[in-house]
Amino acid sequence: MKKGRISAVLFGLVLSVVYGVIYIKYFEISNAKAIVDFEAVSIFTNQIGAYANIEKMEETKGKLKDEIASFNQYSKDGLTFLLSIITLSREESEAQKTKLNELGYNVIVKEYKIQDESIFNEVNQGSYDNFLLWLASN
């Protein structure tokens, strides 16, 4: 009788371990699937210029201060890139481009495909720091 009881307890322990491993693996797979399921989204920027000379960039910002509420910038490969807008809307980006083109500025609309959900969420909330870091490193 004692041998049967020990066998039942061991069988229960083995089943518990097997169930635990399956449970953990299931959540690893479903978590990975959730990350993969986040589709790449587009983030649009309007690039006003790429400057090696910071004084020229500041001069451009001064000329456009009445037209643009705030500027963003990042540095890469020895140049500082001046952006007039970061948005999830192509229409908003194109509208500002048209306005700045009418003022004589050659603006380049750039589209970036982002697969990082946290960067998307931050841009959606109006925070651009991590996106600018991403631009500088890519």
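Glutamine 47 counts as buried, because its relative accessibility is 6% (buried means under 20% relative accessible area, exposed over 50%, partly exposed in between, with a 1.4 Å probe and protein chains only). The model is predicted, so local features need pLDDT of at least 70 and side-chain atom pairs count only at pLDDT 80 or more, while totals for chains, interfaces and linings use all residues. Residues are numbered from 1 along each chain as its sequence is written, and side-chain values use heavy atoms, leaving out hydrogens and water.

Glutamine 47 lies in strand β1 (strands are DSSP runs of E, at least two residues, and helices runs of H or I, at least four, numbered from the N terminus). Its side chain makes a polar contact with the side chain of lysine 110, at 3.1 Å. Such a contact is a pair of N or O atoms within 3.5 Å; within protein, one must be able to donate a hydrogen and the other to accept it, and residues adjacent in sequence count only if both atoms are side-chain atoms. Beyond its neighbours within four places in sequence, glutamine 47 is in contact with residues including Phe81, Leu83 and Ile108 (heavy atoms within 4.5 Å).

The open sheet has 4 strands in the order β2-β3-β1-β4, with antiparallel pairing (at least two DSSP bridges between two strands). β2 (72-76) and β4 (108-114) are at the edges; each has a single partner strand, so one side of each lacks a neighbour in the sheet. β2 and β3 (residues 79-87) run antiparallel and are joined by 5 bridges. Serine 75 has threonine 80 in β3 as its bridge partner.
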